[in-house]
Amino acid sequence: MGKKNKNNRPKDPMTNTRSMGREGMRIIREIAHGKYNIYNEGHIFRNLDFVKATIVEVDKRIIDNQIHINAIMFAYQNSDNPAVSNLLYRDQKSYEAYMLIRSVLSNIIMSNGDTGFLMVLANKLPAYKYNI
């Protein structure tokens, strides 16, 4: 059940765009860790407003990763420091993960709510579970 507000009622994650986006990201992380049953719970992705709100959150993370990658590549062009290489690698993996997520969510929107695309996330996201 969702979080409870001051009146001790469950907070509905579908109340506004921001909460839908946060809920979408929570679900994406659960999918990556194999803790989300797409068959029983994936129907939420038929709500295109929910999917669009999740894309907004994913886009924020894509931009953050692009900035990090560009800054590291600019500031440490010729660095052989392992810490810099590791940070760049992690940011690139995160970027790849969020681009994959964005692609799948876009496919769901273009198909008018076909949740079958979630299987791509279920199959590919575990490789990125520590990068999202």
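These legends walk through several close-up views of one predicted protein model.

Residues are numbered from 1 along each chain as its sequence is written. Because the model is predicted, local features need pLDDT of at least 70 and side-chain atom pairs count only at pLDDT 80 or more, while totals for chains, interfaces and linings use all residues, and side-chain values use heavy atoms, with hydrogens and water left out.

**View 1**
Follow the sequence and you get the pattern α-α-α-α-α. Helices here are DSSP runs of H or I with at least four residues, strands are E runs of at least two, and the numbering starts from the N terminus. The C-alpha atoms fill a box of roughly 55 × 35 × 25 Å, taken along the principal axes. Out of 132 residues, 35% count as buried. Buried means under 20% relative accessible area, exposed means over 50%, and partly exposed is in between (1.4 Å probe, protein chains only).

**View 2. Helix 4 covers residues 82-110.**
Count along this helix and you'll find 29 residues. From its first C-alpha to its last it reaches 42 Å, close to the 42 Å expected at 1.5 Å a residue. (That expected span is 1.5 Å times one less than the number of residues.) Now look at the start of helix 4: a side-chain oxygen of Asn81 comes to within 2.8 Å of the backbone nitrogen of Ala83. A polar contact is a pair of N or O atoms within 3.5 Å; within protein, one must be able to donate a hydrogen and the other to accept it, and residues adjacent in sequence count only if both atoms are side-chain atoms.

**View 3. Asn112 follows helix 4.**
You'll find Asn112 in the loop between helix 4 and helix 5 (118-124). Its phi is positive, about 65 degrees, although Asn112 is not a glycine. With 62% relative accessibility, Asn112 counts as exposed.

**View 4. Helix 3 packs with helix 4.**
Two packed helices are described by the angle between their axes and the distance between the axes. For helix 3 (residues 48-75) and helix 4, the angle is about 155 degrees and the axes are 9 Å apart. The axes are lines fitted to C-alpha atoms, for helices over the stretch in contact, and angles run from 0 to 180 degrees between N-to-C directions. The two helices are therefore roughly antiparallel to each other. As for the cut-offs, angles under 35 degrees count as roughly parallel, over 145 as roughly antiparallel, 65 to 115 as roughly perpendicular and the rest as oblique.

Ile63 and Phe74 are eleven residues apart in sequence, with 16 Å between their C-alpha atoms. The C-alpha atoms of Lys124 and Ala97 are separated by 8.8 Å, with the two residues 27 apart along the chain.
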